[in-house]
Amino acid sequence: MEEQELTQEIKPPANTKGAARWLKDNLFNTWYNTLLTCLALVLLFFAFKGFLTWAFTEAEWDVIPANFRLFMVGSYPQEQIWRVWNAIYILSVLMGLSAGLWGGLVRRFAVVLSGVWSISALLPVELSTRGWCLGANAMIAVSFFLGRGRTGLRPWILGGWILSFPVIMVVLRGFGENGVLTSNWGGLLLTLILAVIGIVVSFPLGVFLALCRQSNLPAIRWVSTTYIETVRGVPLITILFMGNTLIPIFMPGFDINQVLRMMIGITFFSGAYMAENVRGGLQGIPRGQHEAAQAVGLNYVQTTLFIVLPQALRSVIPAIVGQFIALFKDTSLVSIIGLIDLLGVAKSVIANPDWLGLQAEVYLFAAAIYFAFCYAMSYASQDIETDLGVGKH
Amino acid sequence: MAAQENALNDPIIMCKDVHKWFDDFHVLKGITTSFQTGERAVICGPSGSGKSTFIRTLNRLEEHQRGTIIIDGVELTDDLRNINLIRQEVGMVFQQFNLFPHLTNLENITLGPIRVRKLTKSEAEEVALSLLERVDIADQAYKYPAEISGGQQQRVAIARALAMEPKIMLFDEPTSALDPEMISEVLDVMRELAHSGMTMLVVTHEMGFAREVADRVLFFDEGLIVEEAPPADFFDNPQHERTKLFISQTLQH
């Protein structure tokens with residue numbers, strides 16, 4: 001009986017939790033904090049009142065739907081727009097299958113995506129667009145149910161994702177004169193292509209460079225270090241300009257179009273930063289981990305793949321995703337070279353005499369799109385960290 | 001003396017004039033000794049005497065710069081094939097456990113068998129579970145190392161080494177990082193292993209363990225083997241002044 005009393009659970013004292021308590025502790029705990037809180041509330045009220053009044057009464061949002069196609073795909077020809085939808089369908093199927101196979105984060109993204117298509121279909125758009133939207137939704141739904149529970153498909157779907165990048169490029173480009181020249185790619189489509197290719201290629205490039213920089217072989221270490229330091233010492237815009245003019249000079253006879261040149265520039269630039277992020281993680285791995293792996297008989301490649309990289313990358317997820325987000329936003333620099341990405345479209349719409357003086361509306365819309373994608377990445381990174389138990393084990 | 005007589009017959013580890021430098025610092029100054037199959041040797045000595053460095057040269061975690069080391073007929077050289085061959089025959093347990101924190105205890109054990117011995121996942125898991133049973137923590141298989149106690153982690157580390165079916169087990173101060181109440185659970189496992197006939201080299205300060213389990217005690221000081229003898233002789237009748245001093249200091253507490 002006595003022992004029971006010793007281990008008896010005692011409830012925490014009342015009034016230590018809850019919203020009211022939090023407000024009191026943090027916002028109204030002293031007379032001057034109370035004063036500051038009230039002042040801040042008044043300021044917030046006026047700021048939001050001003051913004052909301054503008055947004056609902058003065059702003060001319062017509063500019064967005066009127067130029068919506070431009071924002072999304074730039075000057076991609078109308079009669080070839082099915083190519084974009086086909087690319088979207090490929091992604092929808094993969095997304096649906098992955099959502100069914102893995103659930104969790106992918107499923108949440110699939111739900112959001114299908115929500116976007118549903119809302120788009122309800123908006124006053126052309127009948128054909130409505131059809132395409134509903135089709136994409138159906139693709140996600142059908143493949144979700146197809147994928148559910150079939151865990152054996154997982155490696156195939158991963159392969160499918162990797163394969164989807166070149167396939168989508170071909171679908172979007174088509175062949176020769178009948179296709180769509182990359183100079184006609186634009187808007188959000190171009191932004192996404194540059195960003196996704198940049199992320200997908202610069203990540204392994206960065207890991208590779210980081211491993212090289214840690215190598216025992218001086219030549220490899222030296223080359224990698226030189227590359228990283230050189231690229232990091234030059235502004236991205238300079239690299240993009242150089243890529244634009246130098247790549248054709250270095251590779252005469254090859255027809256490397258401007259979009260590809262920008263991809264190369266962005267990827268190489270981001271790879272150098274990625275390498276330093278990854279190196280930070282590599283340095284955090286205690287020597288004992290290498291020794292234990294060696295003692296078990298793992299070779300260098302196995303040690304790197306199964307012991308070092310999983311731990312190193314896990315610990316630098318925030319830095320890596322930060323680099324992804326930076327890269328996504330940096331793609332907007334290609335509009336200086338003359339490509340019409342999302343920001344390029346925004347600038348050209350503002351310059352159009354029909355829509356003079358609507359900078360605020362147009363830039364706000366562009367900013368919202370950038371934010372949506374960057375926030376999605378940030379959200380995903382937090383979710384992945386929780387999933388991997390970072391900081392717990 | 002029995003161990004030394006056997007040494008002429010069939011030594012599984014042969015070391016001849018092994019030298020090692022850390023930059024200019026001469027850590028091992030010519031170690032010549034050998035170990036029999038099934039022998040249980042305890043290596044002791046003051047810190048900095050080179051005892052850890054010595055056993056770490058045996059699976060090439062440290063490179064020796066002079067002399068020869070031959071393990072089960074294979075000489076340790078720069079040849080990666082030899083190194084890999086030897087590492088598969090030599091298991092090692094570290095002072096700081098060095099479990100892989102991102103893998104569960106079970107995965108810690110199955111990784112080597114799957115990747116190096118090329119067992120299937122289910123075969124490796126079967127082996128791992130029976131080893132966890134043997135070290136008495138089968139119930140912790142699906143937890144992560146950070147979720148179990150130090151003594152339990154060290155037992156997982158022992159199971160991880162055993163999963164490679166080594167012929168030799170090296171222990172580098174396996175209980176030095178443990179809280180006192182956890183030392184005995186690890187020593188129990190090592191005792192059981194010793195009775196099973198495993199060849200064991202143990203660097204430790206646990207003199208009770210040495211006296212009870214060892215066939216031979218080697219005393220290292222300043223990079224040399226100062227004295228080696230069966231535990232009864234070593235503890236009750238040490239020959240060298242430095243050994244006497246060390247024993248009196250260790251047994252005081």
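Contact here means heavy atoms within 4.5 Å. With that in hand, start with chain A: among its contacts with a separation of 6 or more, residues 24 or more positions apart account for 76%. Before going on, note that this is a predicted model, in which local features need pLDDT of at least 70, side-chain atom pairs count only at pLDDT 80 or more, and totals for chains, interfaces and linings use all residues. Residues are numbered from 1 along each chain as its sequence is written, chains are lettered from A and ligands numbered from 1 in the order in which they are written, and side-chain values use heavy atoms, with hydrogens and water left out.

Chain A has 19 helices and zero strands; helices (H or I, at least four residues) and strands (E, at least two) are DSSP runs, numbered from the N terminus. Along the principal axes, the C-alpha atoms of chain A fill a box of roughly 90 × 65 × 50 Å. Of its 393 residues, 41% count as buried, where buried means under 20% relative accessible area, exposed means over 50%, and partly exposed is in between (1.4 Å probe, protein chains only). Chain A exposes about 22500 Å², and carbon and sulfur atoms supply 69% of that. Such areas come from the Shrake-Rupley method with a 1.4 Å probe; for residues, only the protein chains shown count as cover.

Now look at the outside of chain A. A nonpolar patch on the surface is formed by A:L41, A:L44, A:F48, A:F51, A:L52, A:F56, A:W61 and A:L364, with about 820 Å² of accessible area together. Patches are made of residues with over 30% relative accessible area and no salt bridge, joining like charges within 9 Å and nonpolar side chains (Val, Leu, Ile, Met, Phe, Trp, Tyr) within 5 Å. A salt bridge, in turn, is a side-chain nitrogen of Lys or Arg within 4 Å of a carboxyl oxygen of Asp or Glu. Helix α3 (residues 31-58) of chain A gives the most to this patch, with six residues. A:W61 sits in the loop between α3 and α4 (63-66) of chain A, and it counts as partly exposed because its relative accessible area is 32%.

A:V345 counts as buried because its relative accessibility is 1%. Leaving aside neighbours within four places in sequence, A:V345 is in contact with A:L70, A:F71, A:G74, A:G187 and A:I340. A:S114, in helix α7 (residues 104-122) of chain A, also counts as buried, at 18% relative accessibility. Not counting residues up to four places away in sequence, A:S114 touches A:N137 and A:I140.

Among the buried ones are B:L106, B:I109 and B:L111. Their cover includes α14 (287-296) and α15 (300-315) of chain A, together with α5 (121-134) and α6 (150-162) of chain B.

Next come the sheets of chain B. Strands of a sheet pair through backbone hydrogen bonds, either parallel or antiparallel; here, two strands pair if DSSP finds at least two bridges between them. One open sheet has four strands in the order β2-β1-β4-β5 (chain B), with antiparallel pairing. Its edge strands are β2 (25-36) and β5 of chain B, each pairing on one side only. Strands β1 (residues 11-22) and β4 (residues 66-71) of chain B pair over five bridges, and B:I13 stands opposite B:I71 in β4(B). B:I71 also stands opposite B:V74 in β5(B). The hairpin of β4(B) and β5(B) has two residues between the strands, and B:D72 takes a positive phi near 50 degrees there.

The other open sheet to trace has six strands in the order β6-β7-β8-β3-β9-β10 (chain B), with mixed pairing. Its edge strands are β6 (90-93) and β10 (224-229) of chain B. β6(B) and β7 (residues 168-172) of chain B pair in the parallel sense over four bridges, with B:I168 in β7(B) as the bridge partner of B:V90. Helix α3 (residues 80-89) of chain B lies across β6 and β7 of chain B, at about 65 degrees to β6(B). Such axes are lines fitted to C-alpha atoms, for helices over the stretch in contact, and angles run from 0 to 180 degrees between N-to-C directions.
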